[in-house]
Amino acid sequence: GGAPSAFDRVLATRFGIHAAELVLKRDFGTMVALQGTRIISVPLQEGVATTKQLDLSYYEEAREFFRK
C-alpha cells in the first residue's frame with residue numbers, strides 16, 4: 001500500500017516499454033516478467049502454469065491494518 005516509490009514508477013514504465021516492444025515484434029502469447037532486476041519475456045503459459053501461494057502469516061499480519 002501507499003504511494004508508489006520512484007522504483008515502482010520506473011518499473012511500471014520499463015514493463016510498458018517491453019510489452020510495447022513485444023507487440024511491435026508481433027510476439028504474442030508472451031508476457032513481461034521481472035527476473036532479478038531484468039525485464040524478460042516468458043511464454044504466457046509458463047507465466048500462469050503454477051499458482052504461487054502466499055504464506056498465511058502474511059495475511060494474518062495484514063489483517064491488523066483492516067481492524068475496525
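This is a predicted model: local features need pLDDT of at least 70, side-chain atom pairs count only at pLDDT 80 or more; totals for chains, interfaces and linings use all residues.
Residues are numbered from 1 along each chain as its sequence is written, and side-chain values use heavy atoms, with hydrogens and water left out.

I will begin with the overall layout. The protein has 3 helices and 2 strands, and their order along the sequence is α-β-β-α-α. Its radius of gyration is 16 Å, well over the 11 Å that the globule rule gives for 68 residues, so the protein is more spread out than a compact globule. The radius is taken over C-alpha atoms, and the rule is 2.2 Å times the number of residues to the power 0.38. Helices (H or I, at least four residues) and strands (E, at least two) are DSSP runs, numbered from the N terminus.

The C-alpha atoms fill a box of roughly 50 × 30 × 20 Å along the principal axes. Among contacts between residues at least 6 apart in sequence, 11% join residues at least 24 apart; a contact means heavy atoms within 4.5 Å. The protein exposes about 6,200 Å², and carbon and sulfur atoms supply 59% of that area. Accessible areas come from the Shrake-Rupley method with a 1.4 Å probe, and for residues only the protein chains shown count as cover.

Now the strands. How do β1 and β2 run, and how many bridges join them? They run antiparallel, with 6 bridges between β1 and β2, the latter being residues 38–43. Two strands pair if DSSP finds at least two bridges between them. The bridge partner of L34 is I39 in β2, and M31 has V42 as its partner in β2. Together β1 and β2 form a hairpin with 2 residues between them, and G36 in the turn has a positive phi of about 70 degrees.

Another positive phi belongs to R26, at about 55 degrees, although R26 is not a glycine. R26 sits in the loop between α1 (6–24) and β1 (30–35). Is R26 buried or exposed? R26 is exposed, with a relative accessible area of 64%.

Next, helix α1, which holds H18. H18 counts as buried, at 19% relative accessibility. Which residues does H18 touch, leaving aside residues up to four places away in sequence? They are V32, I39, I40 and S41.

A19 is also in helix α1, and A19 is partly exposed, with a relative accessible area of 32%. From A19 to I39 is 20 residues in sequence and 9.8 Å in space, C-alpha to C-alpha.

Last, V48. Where is V48 placed? V48 lies in the loop between α2 (44–47) and α3 (56–63). V48 is exposed, with a relative accessible area of 53%. V48 and T37 are 11 residues apart along the chain, and their C-alpha atoms are separated by 21 Å.

That is the tour of the model.

Conventions: Buried means under 20% relative accessible area, exposed over 50%, partly exposed in between (1.4 Å probe, protein chains only).
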